Amino acid sequence: MAEAHQAVAFQFTITPEGFDLQLSHQALSQICRSGLRSWKKRVSRVRNGVIKGVYPASPSSWLFVVIAILATMYTQSDPSMGLISKIREYLPLSLSLSVQGQTMLSVLVFSTVLWLSLIMTLRFCLKLLLSYHQWMFEQHGRISITTKVWVTLLRLLSGRKPLLYSYQTSLPILPVPPIKDTLNRYLESVRPLLTDPEFERMIKLAAQFENNLGNRLQRYLKLKALWATNYVSDWWEEYIYLRGRGPIMVNSNYYGMDFLYVTPTPIQSARAGNTITALLLYRRKVNREELKPSRVPGTVIPLCAAQCERMFNTTRTPGDETDVLQHWQDSEFVAVYHRGRYFRLWVYKAGRLLSPREIEFQIQKILEDPSPPQPGEDRLGALTAGDRIPWSQMRKQYFSSGVNKRSLDCIERAAFFVTLDDEEQGMMGEDPVGNLDRYAKSLLHGKCYDRWFDKSFSIVVYKNGKNGLNAEHSWADAPTVAHLWEYTLATDAFQLGYTEDGHCKGEVERSLPHPQRLAWDIPLEVQEQVSSSLAVAQALADDVDCHVFPFRDFGKGRIKKLKISPDAFIQLALQLAYYRDRGGFCLTYEASMTRLFREGRTETVRSCSNESSAFVRAVESGEAVENCRRLFRLASEKHQNLYRLAMTGSGIDRHLFCLYVVSKYLGVESPFLKEVLSEPWRLSTSQTPVQQLELFDMKNHPEFVSLGGGFGPVADDGYGVSYIIVGEDMINFHVSCKHSFAETDSHRFGARISRALLDLLLLLSPEAKVPATEAPQAKKQN
């Protein structure tokens, strides 16, 4: 209890002689330093608010305007055309100021108004420029004069070094597409999936919807778009994520992996020390807005950074009808789980961030702590892995007061959650393929009770030094978390580094308080619910079939030499692989982003198109090579166009989703919308972009290859496929499906993907040397 006594700043006793006051100078010093850190953050937020508020101008430009006006006044000319004299007439202090003082004050007022007007004009111009999206539809090497002028103006207006959120108010609002265009694109997307009678029926449903209910719903949606920052994002967050009453583990949360070939240190506590430090350094950059705004790769066009706001100190709390995202401004500790015990680890002391070596020292104390879990403590995290309503009821009844509330607050208010796992993971040993699959499953769900799935993200550090993360999905999408994870891995390996014996660098202040064990009072009713939630979660976890594999035969370098988009190439390979695996086509989901718009999140690219299905049929029926190549080019161009439409606000699914929400608010039924939103996505795909190439030296350190991350299957009878294009010569794939559906198999589908990639390369580049591979063997009988 020494640390508890140190926390008391002063004590006093009453004696016959009077008051006996005893001050703890050490505690008072810590309080003052913590308060100073808090005030520094407030001042930084105010300063950044001013800088953002005047962007693309600078605060110092006000002085330039004042000096310029004073200089022109000195030359006996009036740039205000009499306004300065008018202002002087109405000054309330005119009687107490000299004529010269009145003139100076009038000039300052006029200069300030002029400066603010110029800023508003510049911001309006920047918003107009960022609303131009035609550049995306122009062919490479054939840029129009309009786009060239647009690029020049955009560079001029965004020349100053922006803060993380500088562009937020200049980003355009997501437009509501014309309902006729959305319906036409929808009908085109489902044509390869329906028979002629089914398609005719869908055409009639769409026409009835457009002529009757559709236009009415569209008017309400346009009304929302007039006052809402984004007409999709708030409903998407609430109805797609927060209102789901099933488990978020596997169904919603996703994971990110460590380096493929390298583990910077085999010491668990050291890896945790550097990882935690790197994450907190990233948080500091977010708080100070020192991160560069994300941009469309290869351009100066900024992307919305709103998702960064709730990255840290955030928890999803359960409710009976809907969950709630809770975010706190700051947190000076992280929550740690090890062998069934929960700890609070302070990462700041007297306003100072602990060094990596100090955090390693503290983690090692947790690893060496011999105390057993309290009754019901070890599997408490299963409540966050099971159904949401039982967790909500338990939380309200047993965690709303007393010791349980205090301990739960420590977890929920923590900067993030850390699991010190007793297992060893990674591509190692005699079964590297199987070990990668087990590594993925461990990050996706673990033991179903040793992660806190409600936290914005949880870090997992394994016994052999491997690490990874599990992220909750409602607050942000994968690219935002991937940006964080890229920075963390690069900072850990290349900036913080390790000593020769594998420990963190830095000195240790031996007076650090011990990590604090969290206390619990878990009644039998809660323990019974924990067992019930664990059973639900365990059944879900056991059903997931994961396969992770690096494809090394070629990468984007070879694909780009063919003048083809790497993403389109991979998506067409997935269509070919699925056709070979299941003997047909399915509704395919590819995640695209809409962060060109303020508070934009994602849109769906329906990758299975008329063009892609025609190409796949041509290949499988053995048509002439030249015809297959022609169809491939058409399918590739179609896919790129669909992706561009999705990015620029002309997608299909978010518009139809919002129309459906409006219909529910109005209490009206639409057979068309009901059928559209009930269609299963049997192939759900997503590319994890590499966003910070400058952090990794792939030429000199090619072994530092990221594995990317993955997610669980969206449909019970479908596949989830995530991929990351690493460097010029590798593509990493994460495939998932469910054991309970006998016709899907992640390993078989992974082999189909590899074979399809090789076949496409051979088709488009006959001189390519493609390794002969045997036909993929299924693990399960179809």
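# Close-up views of a predicted model

View 1. β15 and β17 run parallel to each other and pair over 3 bridges; two strands count as paired if DSSP finds at least two bridges between them. In this pairing, Thr588 stands opposite Leu683 in β17. β17 also pairs with β19, again in the parallel sense, over 5 bridges, and there Ser686 stands opposite Ser722 in β19. Of the 5 residues of β17, 4 are buried, leaving the strand mostly covered. Here buried means under 20% relative accessible area, exposed over 50%, and partly exposed in between, with a 1.4 Å probe and protein chains only. Helices (H or I, at least four residues) and strands (E, at least two) are DSSP runs, numbered from the N terminus.

A word on the model: it is predicted, so local features need pLDDT of at least 70 and side-chain atom pairs count only at pLDDT 80 or more, while totals for chains, interfaces and linings use all residues. Residues are numbered from 1 along each chain as its sequence is written, and side-chain values use heavy atoms, with hydrogens and water left out.

View 2. The structure holds 37 aromatic pairs; rings of Phe, Tyr and Trp (its six-membered ring) pair if their centres lie within 6.5 Å, and planes under 30 degrees apart count as stacked, over 60 as edge-to-face and the rest as tilted. One of them joins Tyr589 and Trp681 edge-to-face, at 5.2 Å centre to centre with 90° between the planes. Tyr589 belongs to strand β15 (residues 588-593) and Trp681 to the loop between α22 (671-677) and β17 (683-687), 92 residues apart. Tyr589 is buried, with a relative accessible area of 16%, and Trp681 is buried with 16%. Now look at Tyr719 and Phe749, which are stacked at 4.1 Å centre to centre, with 10° between the planes. This pair connects strand β19 (residues 719-726) with helix α23, 30 residues apart, and both Tyr719 and Phe749 are buried.

View 3. With 14 residues at 1.5 Å a residue, α14 (residues 432-445) should span 20 Å, and its end C-alpha atoms are 20 Å apart, which agrees; the expected span is 1.5 Å times one less than the number of residues. Because 10 of its 14 residues are buried, α14 is largely enclosed by the rest of the structure. Among these buried residues are Leu436, Tyr439 and His445. Their cover includes β3 (254-257), β11 (457-461), α16 (524-543) and α23 (746-764), where contact means heavy atoms within 4.5 Å. Just after α14, Gly446 takes a positive phi of about 55°.

**View 4. An open sheet of 8 strands.** Follow the order β13-β7-β6-β10-β11-β12-β3-β18, in which the pairing is mixed. β13 (516-517) and β18 (709-711) stand at the edges with a single partner strand each, so one side of each has no neighbour in the sheet. β18 pairs with β3 in the antiparallel sense over 3 bridges, and Tyr255 stands opposite Gly710 in β18. Helix α15 (residues 478-496) lies across β3, β11 and β12, at about 160° to β12; axes are lines fitted to C-alpha atoms, for helices over the stretch in contact, and angles run from 0 to 180 degrees between N-to-C directions.
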